[in-house]
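Subject: Structure handover

Hello,

Here is the structure I promised to pass on. Please open it alongside this note; what I found follows below.

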Amino acid sequence: MARAPMRSSLRSRDSSSTSTGVDPREKIRNYCRKLIAFMFTQVGVGGLIVCYALLGAMGFQMIETQEEYPHIMIVDNLRNSCATDLWEVARKFNVFNESAYIMGTDKILEKFQNNLTHYIKEGYSGRSVLEVWTFPAALMFSLSIMTMIGYGNMVPKTPWGKGTTVMYAVVGIPLYILYFLNMGKVLAESFKWLYRRIHQCSGHRKSGARIIVPSTACLWVIFGYILIGTVMFAEWEQWDYLDSAYFCVTSLSKIGIGDFVPGANLIESSSEKPTKLVINFVYLLLGMGLIAMCYNLMKEDVKVKAHELKEDLTQGLDDFRRRLLTCCRESPDLD
């Protein structure tokens, strides 16, 4: 009689363990669902776009630095050949035949100048592939693809680089749009809370009144951010304040003309101060979020003002109809 309850207890334990046991595949699915849900949050999208930009920078740098630019080797050979020819002219004529020496050197230098001009038109800049595709510069290139700025100062030369750029843009642009929308909502809510607190502390709040961030406040935020960037880039790059403001406006508005890019034409961008381009990356990424914030706030302000205008027009029409009916009742001869 004692074995029966033991067997029943063992069966109950087995049944409870099988019922409470979770399938490992279901655990993996739950983790994947939670991960995807987190990626679509504000923090997840922000981290995802930063990781995507870093991954793109490493990928483009690795692809484009496999081979040296052919123009670099050609121009080096031309320079060496020019130096050799000048030495031969100097050894042959020296000071004993000054006119022949001058004519010979002029012909050699003119030939070198024409060849150098030809290769400059074809894209020679004097910078090697390692000097062009530094990690900060590749990071800026990745950001310009995602945000659709497209400065144009750096372009992939290899077929693999061009194909990777296409695929990178196909995935990166929707990701940036998602970041733009989410970050705009987060910053808009934060700025509205801050504006309401300031409005409450100022004592101008009326009971029951809805506080809306005015469009002028959004414009002041954008102006202040552009002013910060203007001073920062003017000090770093030794630009005029007009040129620096011109760069900030064209970059934040995603025009991306490309005639002014921080560190793009300086060797120090790859050796002395690589943090310039990284800070430029952060400045532009945060600036895009501020633009999205101001867009959301100004859209809400326009909706409220349009609704108020509609109510005013409706009330004005109703008042006009009442007055017209009153005049008709008081003057029956008008019928």
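**Salt bridges**

Glu88 forms a salt bridge with Arg91, and their closest N and O atoms are 2.9 Å apart. (A salt bridge here is a side-chain nitrogen of Lys or Arg within 4 Å of a carboxyl oxygen of Asp or Glu.) Before going on, note that this is a predicted model: local features need pLDDT of at least 70, side-chain atom pairs count only at pLDDT 80 or more, and totals for chains, interfaces and linings use all residues. Residues are numbered from 1 along each chain as its sequence is written, and side-chain values use heavy atoms, with hydrogens and water left out.

Both Glu88 and Arg91 sit in helix H4 (residues 70-93), 3 residues apart, about one turn of the helix. (Helices, H or I of at least four residues, are DSSP runs numbered from the N terminus.) Glu88 is partly exposed at 36% relative accessible area. Arg91 is exposed at 55%. (Buried means under 20% relative accessible area, exposed over 50%, partly exposed in between, with a 1.4 Å probe and protein chains only.)

The count of salt bridges comes to 6. Which residues are linked in a network of salt bridges? They are Glu189, Lys192 and Glu300. Lys192 pairs with Glu189, the closest N and O atoms being 3.4 Å apart. These two are 3 residues apart in helix H8 (residues 159-202), so about one helical turn separates them. Glu189 is partly exposed, at 48%. Lys192 also forms a salt bridge with Glu300, at 3.3 Å between the closest N and O atoms.

**Cysteines**

A search of the whole structure finds 0 disulfides (pairs of cysteine sulfur atoms within 2.5 Å). Cys82 is buried at 10% relative accessible area. Cys248 is buried too, at 0%.

**Helix H10**

Cys248 is one of the buried residues of H10, which also include Ser244 and Phe247. H10 covers residues 241-252. Just after H10, Lys254 takes a positive phi of about 60 degrees.

Best wishes

Terms used: The expected span of a helix is 1.5 Å times one less than its number of residues.
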